[in-house]
Amino acid sequence: MTRIQQDFSLFLEVLPSAMRERLETGPELGSLVEAVLDYGRPAEARYYGGVSRFADLVVTERDIEFVIKSIGEFGSDNRAGIERTLHRISCIRNRQGKIIGLTCRVGRALEGTIDIIDDIMRSGKSILLLGKPGTGKTTKLREVARVLADEVQKRVVIVDTSNEIAGDGDVPHPGIGAARRMQVRHASEQHQVMIEAVENHMPEVIVIDEIGNEMEALAARTIAERGVQLIGTAHGQTLENLMLNPTLADLIGGIQAVTLSDDEARRRGTQKTVLERKAPPTFDVVIELVDFERLAVHHNVQKTVDLILRGLTPRPEIRVRNEEGRFEVVQEELNEPMPPMFARPLFESGSGKGARPVTPNTPVREPVRDDEPRPYAPDEGDGDATSVRIYPYGIARTRLERAIREKRANATITGDIGSADVVLAMRTGLQTKPRKLRDLAGRPIPTVSVKSNAFTQILTGLDEILRRSNETGDSESTAMEEVLAAIEIVAQSGKAYDLSPQPFSIRKMQSEVVSARRMASESVGQEPNRRLRLLPTRVA
């Protein structure tokens, strides 16, 4: 018996016997979507191809009580499940809170549903799935989590508000693979659990189903700015629907009304008040699920939103699964080139509050010539052996990228702390969990801390990183001179002496020099202020 068959038998066991027998003898059991039990009305079975109503099976209170006793408790969202399965039972209550209706939905862990978006999923970009109910959003979300955790070997955390992705119970369903699951006690706390997942569990990918309010949209932006890949779903069928939703519009950058000057409105050929994107989108890619086997892909959400706001019609990439089970692209993405009057960028480099709206007097940047030094572009794959590899810890990645570009620094951002030369971190994170970075890296690692995520603070931190990098060549000789002078001071005064803070490799060399002079030493303090302390004790 396969896993799917086992799960399906558990689903049938919670139904009243008469309903169960009718389903088992029916010809379309394998395509069952859900069973509906409403008090005093005929039972229904809904399939992918239609609906069957059993006029002779009128639902009674006993039938509803039988199902309730066979499943777990209903949560604040009026949903319950069958432990270690993906099936979901939702209830309808009367004004007194009594359950008078049940929707028993079949959950299936299917493999091979995301090969149609496999290249997008593995790109590391944040992806938002849109689609009406029944198009497979949750099914695809579950397999994305499994593939990224098992095949791509990433740290994946699922924020499972209604236990629909990983099933009911404390042990998650095998369908999510090695991904971890965080449950949410109340639906209203989903945004808090999203932030908690990032701060406490160091994920590389966060999977979240049904981003539905402004707080969750803000939490999603916070996660994306910290460099974590975000895979989520939201209410809405198309990108245009999302733009018209004031609660969730921030996911694609938000929309604001801008008043133009007379000259600018005349130059554009528009009215004085126009709509423009407020900030960079939270998600890099939006995928519209037209149906289970057909989808539309917007690879560049930022450009697509800008075109729509200017009254132009973008043409997304259309992918379908053919009769042979393989997917093919039946329509290439073609976003019309923006007319010259609209070519002015909406924002200078940056994001969020650090972004500066472009006014009519803002000069348009000239393109960089081939003979000029180019600014750092993180997706170009540049960065040689001499560049500084920076690991951002709690730092907005987009703002760090902007700082590197503006300074044209010889630096790259890395998501692997093990290969990083230095960590740029929030000071609060270092104070609350000082040993966490060392444990993650497996070694002491130089760290520069900043007070906040403000762009000016990140610029200051980058300056300090570059200053230290430039001084590295002279730091060893300076450190050796310092330790030799300290040895003489300790020998004459008989008191302990602290050297200047140094990276682990230099502290090790200093320690060897001290040992050669038969003097004791110890390392004290926490990174990045860890240093060597010379002791007046002689070693035999």
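**Note on the strands, sheets and helices of this model**

1. Let me start with a parallel pair: strand 20 (residues 422-426) runs parallel to strand 21, and four bridges join them. Across this pairing, valine 423 stands opposite threonine 447 of strand 21. Here two strands count as paired if DSSP finds at least two bridges between them. Helices (H or I, at least four residues) and strands (E, at least two) are DSSP runs, numbered from the N terminus.

2. A word on the basis: this is a predicted model, in which local features need pLDDT of at least 70 and side-chain atom pairs count only at pLDDT 80 or more, while totals for chains, interfaces and linings use all residues. Residues are numbered from 1 along each chain as its sequence is written, and side-chain values use heavy atoms, with hydrogens and water left out.

3. On confidence, pLDDT (the predictor's confidence in each residue, from 0 to 100) averages 82 over the protein chain, and 85% of the residues score at least 70. Contact means heavy atoms within 4.5 Å.

4. Back to the parallel pair: the open sheet that holds it has four strands in the order 19-18-20-21, with parallel pairing. Strand 19 (411-413) and strand 21 (447-450) are its edges, each pairing on one side only. From one strand to the next, the twist averages 30 degrees. Helix 11 (residues 397-407) lies across strand 18 (388-393), strand 19 and strand 20, at about 165 degrees to strand 19. For such angles, axes are lines fitted to C-alpha atoms (for helices over the stretch in contact), and values run from 0 to 180 degrees between N-to-C directions.

5. There is also an antiparallel open sheet of six strands, in the order 3-2-1-6-5-4. Strand 3 (50-58) and strand 4 (79-81) each have a single partner strand, so one side of each is left without a neighbour in the sheet. Neighbouring strands are turned by 20 degrees against each other on average, direction ignored. Helix 2 (residues 17-24) packs on this sheet, touching strand 1, strand 2 and strand 3, and makes about 140 degrees with strand 3. Within the sheet, strand 1 (residues 32-38) and strand 2 (residues 42-47) pair over four bridges, with leucine 32 opposite tyrosine 47.

6. With strand 15 it forms a hairpin with two residues between them.

7. Finally, helix 15 (residues 504-516): at 1.5 Å a residue its 13 residues should span 18 Å, and its end C-alpha atoms are 18 Å apart, which agrees. The expected span is 1.5 Å times one less than the number of residues. Ile506, Arg507, Gln510 and Val514 are buried in this helix. Seen down the axis of helix 15, its buried residues fall within an arc of 100 degrees, so they line one face; the arc is that of the directions from the helix axis to the C-beta atoms.

Key
Buried means under 20% relative accessible area, exposed over 50%, partly exposed in between (1.4 Å probe, protein chains only).
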